[in-house]
Structures are given as C-alpha cells and as structure tokens.
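Me: I would like to learn how to read a two-chain model. Please take the features one at a time.

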Amino acid sequence: MILAAAVVGAVLLGLARGGRLERLANLPLRWAWGALTAFGLQIYLIYSPEPVNEGMLSLRVIVLMSSYILLFVVAWQNSALPGIWLIGSGFLSNFIVMALNGGYMPITAEALAQVGHTHHILSPETGARVYATKDIVLPREQTLAWWLSDIFVLPPPFPIPSVFSAGDVLIALGTLRLIQSRMCSERNSA
Amino acid sequence: MTNVKLFAIKRLNATTLRLIYILLALLALVLAGGAPDGMGGF
C-alpha cells in the first residue's frame, strides 16, 4: 500500500507543479503486459500463502522468483525512460535479499510488532509467512544481507504503518523521477 | 460543430483510457517489484 501511495503522491505532485496527465498517458511504456502478469502471479502467492516457507524449490517460490525475472525484462525493455534504472536497482536489491533467504523478503518479528501486524504471522515457527505480503519472519542474526531486507519502519500514527526495504525506497524514488519527468517536461507534450 | 464535439469526446476517452492503462501498468510494476509489509499487502 505504501508504494501505491507513492505512485499516487507522485502524480499529485506532478499536477501541483503544473504537469499534465495527458503527457503521462503518452508514456511509451513497453512490455506493460509483463508488469501486469508479474503482479497477477503474485496476488495468488501473497493471498494464499503456505504457513511456513517451504524453500527455494517450492512451486510458490519458483513462481515468485520468475515474476521478478519478468520484471527485470520489463525494466530492461524500458531502460531509456528516466528513473527506470532506479526502479530496476530496487527490483535487484529486493530480489537478491529474497533469493538469499529462501525466496521471500525477511522481516523481524520486532518490526512487525512496531506496526501492529503480528496477527498476520501464519505460524510461530522460524520462517513463518506473513499473510498478504512477500515476507517471512526471520531473526536478524539468521538473515543474510539483513541491510537489504525490510528494516525501515513507519509506525503509527503514520496513516499507512509500514515496514519497507532499501529496494522499496529505490523503486519509490525511481517512480517519482519517471512520473515527474514525464508530466512536467515540455518536450513530452501530448 | 457536432462532429467537432464528437471528435473531442472520442479523443478524451482515448486519452483517459490510455492514462488508466499506464497508471495500472505503473502500479503493477511498482507493487510487483516492491516487498514492503503494509496495509492490504504489497
């Protein structure tokens, strides 16, 4: 939800700066179907999770990792667009830490407690899935490349309490750059 | 005049549809690539 808010915020900022939606509508986004397909694959995975991570060879993890491969292709196909390298770097950052930790994004139970989402943990075991996310609960000392995992906490009273990763920050910044440059550049007139 | 209005409506609809498509594709790209823990998943 926090990333969706970032997209909406970027569009509203563009409008406030005098940018035009028509220019955004003419964004030459290639392989958009790839992004929509990757998202569609992930919806099933996050809303029908197994209680505990079953490892890299489970069908769900293979599908999740494959969806990221598809996203890399989409980013590569659009490499000429401003901000896409930031977005792609965010994909890579998230992909690396997920691949190193069994195919899902590690998060600590403490971070989940800070945002009040502990009731989403599906099992008391280590490696438990978190409902409606790509996360698994791992202690910090058992997490490989911990600094790339979900470590940044926005607790209440922030309207959208969230825990996010460095990769998520890169994706949000890249999206902001992409939308601003498209909406506010005179060269991209509709 | 009527033809001009009809053309304007068609043009608006095409642009609006294209905008919705681009916004949905961008949302899909961002949400599928990100991995935060937040309200409503993604």
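The dialogue below goes from conventions to helices, core and backbone.

Me: What conventions apply here?

Reply: This is a predicted model, in which local features need pLDDT of at least 70, side-chain atom pairs count only at pLDDT 80 or more, and totals for chains, interfaces and linings use all residues. Residues are numbered from 1 along each chain as its sequence is written, while chains are lettered from A and ligands numbered from 1 in the order in which they are written.

Me: How many helices and strands does chain B have?

Reply: Helices (H or I, at least four residues) and strands (E, at least two) are DSSP runs, numbered from the N terminus. Chain B has one helix and zero strands.

Me: What percentage of chain B counts as buried?

Reply: A residue is buried if 20 or more other C-beta atoms lie within 10 Å of its own, exposed if 12 or fewer, and partly exposed in between, with C-beta atoms placed from the backbone. Of the 42 residues in chain B, 36% are buried.

Me: Which residues touch the most other members of the largest nonpolar core?

Reply: A nonpolar core is a set of buried Ala, Val, Leu, Ile, Met, Phe, Trp, Tyr and Cys residues joined through C-beta atoms within 7 Å. In the largest one, of 53 residues, they are A:Leu3, A:Ala35, A:Leu71, A:Leu112, A:Val137, B:Leu29 and B:Ala32. Helix H1 (residues 2-33) of chain B supplies the largest share of this core, eight residues. Beyond its neighbours within four places in sequence, A:Ala35 contacts A:Leu71, A:Val74, B:Ala25, B:Ala28, B:Leu29 and B:Ala32.

Me: Which residues of H3(A) are buried, and which are exposed?

Reply: An α-helix has 3.6 residues a turn, so residues three or four places apart point the same way. In H3(A), A:Gly34, A:Ala35, A:Ala38, A:Phe39, A:Gln42 and A:Ile46 are buried. Seen down the helix axis, the buried residues of H3(A) fall within an arc of 130 degrees, so they line one face; the arc is that of the directions from the axis to the C-beta atoms. On the other side, A:Trp33, A:Gly40, A:Tyr44 and A:Tyr47 are exposed.

Me: Where are the backbone features to look at?

Reply: A:Trp31, in the loop between helix H2 (21-25) and helix H3 (32-47) of chain A, has a positive phi near 60 degrees and is not a glycine. A:Ala132, likewise not a glycine, has a positive phi of about 65 degrees and sits in the loop between helix H6 (109-114) and strand E2 (135-137) of chain A. A cis peptide bond, with omega about 15 degrees, joins A:Pro156 and A:Pro157. A:Pro157 is in the loop between strand E3 (152-154) and strand E4 (162-164) of chain A.

Conventions. Contact = placed C-beta atoms within 7 Å.
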